Amino acid sequence: MAASFPEGVPETEDGKRPQFGNRFLSDPARVFHHNAWDNVKWSEEQAAAAERKVQENSSQLVCREKQVDYEVNAHKYWDDFYKIHENGFFKDRHWLFTEFPELAPSQFNHLTNVPLEKQRTEVCEDGPDLTEQHKCTCTSRGCETRVPPVEEQVTQKLGHLEICADEFPGSSASYRILEVGCGVGNTVFPILQTNNNPNLFVYCCDFSATAIELLKTNSEYDPSRCFAFVHDLCDEDQSYPMPEDSLDVIVLIFVLSAIVPDKMQKVISKLSRLLRPGGVMLLRDYGRYDMAQLRFKKGQCLCGNFYVRGDGTRVYFFTQDELDVLFTAAGLEKVQNLVDRRLQVNRGKQLTMYRVWIQCKYRRPLVPSCSQRAPIPHTT
């Protein structure tokens, strides 16, 4: 599930996107000299105007009957979106490696020559060992034990999944990434193309079966390095095809905003349990008063700061505090929570567009070692 509004993340003139916060507009007369400016200061008047606009377009809510339809048939609206646009709507997000170095090869290349047992226990020596692979230990030449392909097993069991540490896709990998709301692979494929480390495994899921079908038919899709599956984040009965405490990184790029606000906490809490101690959750999503929010008309608001687009897909606009509450309530520690206020420029049409995105990194705390745990009190 990816956002249906173009992200428009610009590149520099040499083809590389700098980390946000590195290009400042000091002279307003130069506004059309580049495609974008970082950390743009909003005047009090501009902020007040944005607030008035939101109050205005929120004054008339979508009727209850339609709100139920948008929730019940959410998968249909996303399927329709991908049937129309297929894989031509979004650009590959190569900028992710600048904003989130955790996805870059340098983050885990040092693990290549380290034994798997050591790799999985680098963070916590007394943590669970998730590296043992399912294999036959019989030494007889006549042994005919056959282990079915792991992906085949999991595909058959997804409806009522019972995951074991040695029976899941990517169980032999030492670095595991899950992208939630992967769409047609605009994040997944850049990760796979950039990283050739055999110890990396990438999982990706989306609400839309059409999106997953398109992703799997891409020539870049390699089942030995990637496992794509359909998943409803809001369905508490659905299981993930990997055990808890097994992921190094979870990526949510313009995804959480598509979920009904009162279901967001359970989604983040469930995802956080998939992270190993020290694993991180990376998010980039729409911020309050982004241009997209200000463009909505009356009658498109579902509830406070939550809107429906013309194609039936929905979007929420966050504040930093709201996201901090969601992540910390799930037991994660803040590493980064930043607002990216960017002025995008259409130099051909001489137009300016004010974007507001929020970028977060939250880490699951390390499991304390035995020496750090509180002693059990003696009773007399």
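Q: What makes Asp245 count as partly exposed?
A: Asp245 has 23% relative accessibility. Buried would need a value under 20%, and exposed one over 50%, so Asp245 falls in between and counts as partly exposed. Bear in mind that this is a predicted model.

Q: Where does Asp245 lie, and what is its phi?
A: Asp245 lies in the loop between β4 and β5 (247–253). Its phi is positive, about 65°, although Asp245 is not a glycine.

Q: Why is Phe254 called buried?
A: Phe254 has a relative accessible area of 1%. The cut-off for buried is under 20%, so Phe254 qualifies. You'll find Phe254 in the loop between β5 and α9 (264–272). Phe254 also has a positive phi, about 50°, although it is not a glycine.

Q: What makes β2 and β3 a pair?
A: Strand β2 (residues 175–180) and β3 have six bridges between them, in the parallel sense. At least two bridges are needed for a pair, so six will do. Within this pairing, Ile177 stands opposite Val202 in β3.

Q: What makes β3 and strand β4 a pair?
A: Here there are five bridges, again in the parallel sense, with β4 covering residues 226–230. The requirement is at least two, so β3 and β4 count as paired. Asp206 stands opposite Val230 in β4.

Q: Which helices go with these strands in β-α-β units?
A: Helix α7 (residues 188–194) makes a right-handed β-α-β unit with β2 and β3. Helix α8 (residues 209–216) makes a right-handed one with β3 and β4.

Q: Why is Ser174 called buried?
A: Ser174 has a relative accessible area of 2%. Buried means under 20%, so Ser174 counts as buried. Ser174 sits in the loop between α6 (150–157) and β2. Along the chain Ser174 and Phe201 are 27 residues apart, yet their C-alpha atoms are separated by 8.0 Å.

Q: What is the order of strands in the open sheet of three, and where do β7 and β9 stand?
A: The order is β7-β8-β9, with antiparallel pairing. β7 (301–303) and β9 (314–316) stand at the edges; each has a single partner strand, so one side of each is left without a neighbour in the sheet. From one strand to the next, the twist averages 30°.

Q: How do you know that β8 and β9 pair?
A: Three bridges join strand β8 (residues 306–308) to β9, and the two run antiparallel. Pairing takes at least two bridges, so β8 and β9 pass. Tyr307 has Val315 as its bridge partner in β9.

Q: Why is Arg342 called buried, and what does its side chain contact?
A: Arg342 has a relative accessible area of 2%. Arg342 is in strand β10 (residues 333–346), and its side chain makes a polar contact with the side chain of Asp340 at 3.0 Å. The limit for a polar contact is within 3.5 Å.

Q: How many helices and strands does the protein chain have?
A: There are 11 helices and 11 strands. Of the 380 residues, 47% count as buried.

Methods
Residues numbered from 1 in each chain as written. Predicted model: local features only at pLDDT ≥ 70, side-chain atom pairs only at ≥ 80, totals over all residues. Heavy atoms only, no water. Helix = DSSP H or I, 4+ residues; strand = E, 2+ residues; numbered from the N terminus. Right-handed = clockwise from strand over helix to strand, strands pointing away. Axes fitted to C-alpha atoms, helices over the stretch in contact; angles between N-to-C directions. Buried < 20%, exposed > 50% of the residue type's maximum accessible area, 1.4 Å probe, protein only. Polar contact = N/O pair within 3.5 Å; in protein donor to acceptor, adjacent residues only side chain to side chain.
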